[in-house]
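Reader: Hi! Could you walk me through this one? I'm new to reading structures.
Author: Happy to, let's have a look together.

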Amino acid sequence: MNQAQQNQKLYVGNLNFEANEDQVRELFSNFGEVQDVKIVMDRFTGRSRGFAFVRFDTSESAVKAKDALNGQPFQGKTLVIDLARTEQREPRPMGERRERPAGGFGGGGGFGGGNDRGGDRPRREWGGNDRGNDRGGDRGERRGFGGNDRGDRYGGR
């Protein structure tokens with residue numbers, strides 16, 4: 001999308017949750033030909049998120065609508081209108097993993113985890129004595145192999 005096409009698209013914020021696309025189209029059609037109206041919906045509840053995007057046929061129409069309607073009331077709420085911005089993403093090569101933000105459920109990026117357990121902490125290798133309290137490298141010496149060691153763990157029963 002080039003810059004001229006981008007200036008044809010407006011962000012419409014503070015939109016009444018009950019507003020529909022036909023009502024928004026009617027409001028903006030006073031300033032030029034409206035090509036598209038998209039009210040952004042919450043994917044979990046199916047309700048409006050309170051903002052929309054309106055695309056005009058020309059950038060002049062979009063600027064005219066922005067100047068006229070920004071700060072004006074519509075269905076009981078004061079509209080916030082600005083030129084829409086595109087999200088600048090660099091395409092990533094096929095097969096490359098995307099970085100997840102740290103935190104979430106267990107640091108694994110949500111349900112289902114992934115392999116980056118623990119967010120931004122370095123991955124811990126089992127068996128090494130890097131912090132003084134080894135968690136597995138010498139367990140065989142402590143507990144012994146080839147026998148029932150339940151007596152040590154459960155009070156000698």
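Reader: Where should I start? How many bridges join β1 to β6?
Author: There are four bridges between strand β1, residues 9-13, and β6, and the two strands run antiparallel. Keep in mind that this is a predicted model.

Reader: Which residue in β6 is the bridge partner of Val12?
Author: That is Ile81, the bridge partner of Val12.

Reader: OK, and what order do the strands have in the sheet?
Author: The order is β2-β3-β1-β6, in an open sheet of four strands with antiparallel pairing. The strands β2 (34-41) and β6 (80-83) stand at the edges with a single partner strand each, so one side of each has no neighbour in the sheet. On average, neighbouring strands of this sheet are turned by 20° against each other, ignoring direction.

Reader: Nice. What about the helices, which strands does α2 lie across?
Author: Helix α2, residues 21-28, lies across β1, β2, β3 (48-56) and β6, and runs at about 140° to β2. Helix α3, residues 59-69, lies across β1, β3 and β6, at about 155° to β6.

Reader: Switching topic: where is Asn16?
Author: Asn16 sits in the loop between β1 and α2.

Reader: Is Asn16 buried or exposed, and why?
Author: Asn16 counts as buried because its relative accessibility is 16%, and buried means under 20%.

Reader: And what does Asn16 touch?
Author: Leaving aside residues up to four places away in sequence, Asn16 touches Gln75 and Lys77. A polar atom of the Asn16 side chain also lies 2.9 Å from the backbone nitrogen of Glu18.

Definitions and conventions:
Residues numbered from 1 in each chain as written. Predicted model: local features only at pLDDT ≥ 70, side-chain atom pairs only at ≥ 80, totals over all residues. Heavy atoms only, no water. Pairing = 2+ DSSP bridges. Axes fitted to C-alpha atoms, helices over the stretch in contact; angles between N-to-C directions. Contact = heavy atoms within 4.5 Å. Buried < 20%, exposed > 50% of the residue type's maximum accessible area, 1.4 Å probe, protein only. Polar contact = N/O pair within 3.5 Å; in protein donor to acceptor, adjacent residues only side chain to side chain.
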